[in-house]
Amino acid sequence: MNFDFNDDQRAIKRTAHDFLTARYPAATVRALAGDDRGFTDEQWNELAELGWTGLVVPEAEGGLGLGAVELVVIQEELGYALAPTPFFSSVAATLLLVAAGTEAQRERWLGPLASGEARGTIALWDEHGAWSPDQSEVEASGDTLTATKIAVADAAAADVLIVAAADGRHYLVEAADPGVRIEPERSLDPTRKLFKVALDGVAADSLALEPARIAHAYQTIVTALAAEIVGVAQHAMEMAVSYAGDRKQFDRPIGAYQAVSHRCSQMLLEVEGARSLAYWAGWALDHEPDAAARAASMAKAYASDAGFRVTASAMQVHGGIGFTWEHDLHFFLKRAEANAHAFGDARWHRDRVAELSGV
Amino acid sequence: MDLTLSPSELAFRDELRAWLLANHPGREPVGDEAAFAFRRDWQRQLHAAGWAGVSWPTKYGGRGATLIEQAIYNEEVVRAKAPQAANVLGLAMGGPTVIAHGTEEQRRRYLQPILSAEEIWCQGFSEPDSGSDLASVKTRATRHGDEWVVTGQKVWTTFAHHAKWCMLVARTDSDAPKHKGLSYFLMDMDQEAVQVRPLVQITGEAEFNELFIEEARIPHENIIGGEGNGWAVAITTLMHERATLAFGLQVSAQIALNELIEKARSTRANGQPASEDPVIRQRLAQLLIEAEVLRLNAYRGLTAIMRDGVPGPEGSLGKWHWSEVSQSLTELAMEIAGPRAMLAEDEWTYRFLRARANSIEGGTTEILKNIVAERVLGLPRMR
């Protein structure tokens with residue numbers, strides 16, 4: 001029994017932390033938030049050189065073949081730095097292809113996705129569809145697909161789209177297909193760009209119908225997202241604690257008042273709880289697959305609530321300055337809140353927890 | 001990361017589990033005296049089989065268990081719904097304090113009878129005017145030759161009427177700053193000068209007592225950790241209280257939660273099982289998640305202790321978080337009970353009332369938040 005990362009995982013964490021804090025200072029994050037593309041080729045290539053793009057791809061197919069725990073480690077640091085990057089979207093698509101790509105799809109795409117030459121994303125939400133992430137009504141007609149998907153993250157940066165359809169089916173669509181139209185949407189979180197994707201009779205190449213493997217991929221995705229929220233919340237908490245120690249009112253640091261300090265203690269309770277669950281879910285995905293579905297949903301449900309609450313509470317600690325555009329805190333709040341709704345919100349995942357626990 | 005038990009830890013667990021199954025004494029009898037005798041017998045049985053004082057070093061009669069084994073022990077005992085040992089305060093707090101701060105002679109004198117439940121221990125820390133602010137205690141001890149004469153009042157003293165020894169914190173130097181003027185005594189309860197009065201709580205029971213001390217006598221050799229050092233010794237006792245509690249607490253929360261889910265399934269509300277109600281399902285799921293956090297944080301805390309020798313930040317959160325889980329669990333139970341919530345004979349009505357103390361006993365939530373803010377987050381002190 002040991003809740004610590006091993007030496008390799010610790011090394012990944014240290015590298016990720018040092019690299020990301022050096023490359024994504026607040027001014028860079030702010031600049032990218034205001035930029036339409038939202039990342040540079042140089043930034044992307046650096047992530048690829050670190051091997052991160054190939055993290056979840058098996059070694060035989062050009063990747064590092066590492067597990068969910070390593071992905072959790074990197075995602076937490078990406079969240080901490082609030083790095084604007086299409087990394088997570090591309091890894092999510094890669095995970096689905098690793099899980100259920102046909103032989104031809106794997107051969108064509110896993111190498112380039114692993115090396116970072118290509119990027120992917122998942123198109124999940126129907127335009128007027130269900131609120132639940134597993135209930136798309138999109139159906140292919142023969143080999144073609146016509147559908148509209150909303151809130152597709154990083155679609156403009158993607159070469160390959162994995163489109164969720166009815167009955168748990170998924171289709172691979174190439175972004176270069178002439179029937180694909182990608183329009184920017186205004187995203188709540190400006191550090192992660194969202195798009196409307198209209199598909200008009202595009203060539204639809206079905207992934208294998210492997211419900212268990214696809215479910216495992218989604219569990220990895222929500223766990224990775226939960227870990228990202230942990231990093232976001234950790235950083236917002238540190239900002240609040242630091243501000244509460246510096247800012248003086250009525251001749252004392254505001255952190256000396258229990259109304260403020262207890263708020264900060266509550267942040268720690270929620271950040272550590274979210275962290276424990278995300279680490280556990282990562283471990284379960286790699287080592288105890290039977291527990292993974294429940295662990296992943298617990299991690300995402302808890303982190304979704306905690307991410308919003310901690311960042312909102314940090315804003316309250318900052319008072320008026322925290323509500324200004326000029327202050328960085330709103331980027332954290334927006335990322336936390338947007339993540340809370342991606343790939344199933346707290347309510348949806350709690351429902352899963354109830355079901356999987358036999359309630 | 002490895003969240004599985006090693007072969008030797010599994011062997012420890014299986015041995016204990018089998019022993020508990022074979023030796024479980026059944027349901028505790030009703031009534032204070034009968035229940036206490038039952039717990040005393042149970043502890044003798046534990047002791048005879050080497051299951052009392054698992055965390056204590058073997059040279060003092062314990063089992064010398066690793067931290068993980070202690071955690072397993074606490075989990076298994078709760079899981080088996082085994083009775084509490086009669087001398088719980090001696091085993092969890094008094095013994096470890098004597099081991100840490102006592103002289104070799106004191107260890108020889110006091111430890112063995114704790115294990116065998118021959119001498120029961122109680123704790124005389126809180127006073128009517130000293131709750132969270134423990135260092136402000138007013139009970140005074142004055143030295144007369146080889147003896148100390150003690151006068152004062154203590155409150156929330158569990159098992160006082162069964163106890164032979166009281167871990168007593170008293171002021172021995174009223175001129176010293178408040179944390180410096182305290183000493184930690186072992187007071188013989190068997191004297192006229194110590195009067196015990198049961199304190200009836202909101203559930204109608206009397207788990208706790210008040211202690212009226214009027215010129216009680218304590219030999220000088222009964223000071224633990226030296227004169228004027230009472231604060232440091234008391235902190236050791238309190239740290240043992242919180243550290244060892246965490247594991248039992250999280251398992252008891254899991255068990256209560258399973259019982260609550262069962263209750264939600266079997267209770268009909270508006271023509272369907274209460275467990276089908278979407279709001280109740282959401283709240284049950286949230287409790288399942290929070291209970292999992294308690295379990296994981298307890299293990300993370302353990303890993304931190306093994307790595308750094310001290311509990312990590314998660315350690316300070318356990319008791320606080322547990323009290324919230326325990327309270328919301330019983331509040332949800334009352335909602336599920338519907339009109340039956342008005343009936344006092346319902347088991348959950350009792351639990352609902354008892355849980356109100358969870359955020360007060362063993363460190364109030366407010367004090368725990370102060371500790372987290374000041375010592376973990378490094379925020380400025382409020383005073």
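1. In this predicted model, domain 1 of chain B and domain 3 of chain B bury about 1500 Å² between them, with 74% of it on carbon and sulfur atoms. Buried area here is the accessible area (1.4 Å probe) that two parts lose on being put together, summed over both. On the side of domain 1 of chain B, Leu67(B), Glu75(B) and Met93(B) supply 33% of the area buried against domain 3 of chain B, more than any other three residues.

2. For orientation, chain B is assigned domain 1 (7-115), domain 2 (121-228) and domain 3 (233-376), with bounds from an automatic or database domain assignment. The contact (heavy atoms within 4.5 Å) takes 14 residues from domain 1 of chain B and 17 residues from domain 3 of chain B. The C-alpha centres of these two domains lie 23 Å apart.

3. By class, the side of domain 1 of chain B that touches domain 3 of chain B has eight nonpolar, three polar and three charged residues. Nonpolar means Ala, Val, Leu, Ile, Met, Phe, Trp, Tyr, Cys and Pro, charged means Asp, Glu, Lys and Arg, and the others, Gly among them, are polar.

4. A word on conventions: residues are numbered from 1 along each chain as its sequence is written, while chains are lettered from A and ligands numbered from 1 in the order in which they are written. Local features need pLDDT of at least 70, side-chain atom pairs count only at pLDDT 80 or more, totals for chains, interfaces and linings use all residues, and side-chain values use heavy atoms, with hydrogens and water left out.
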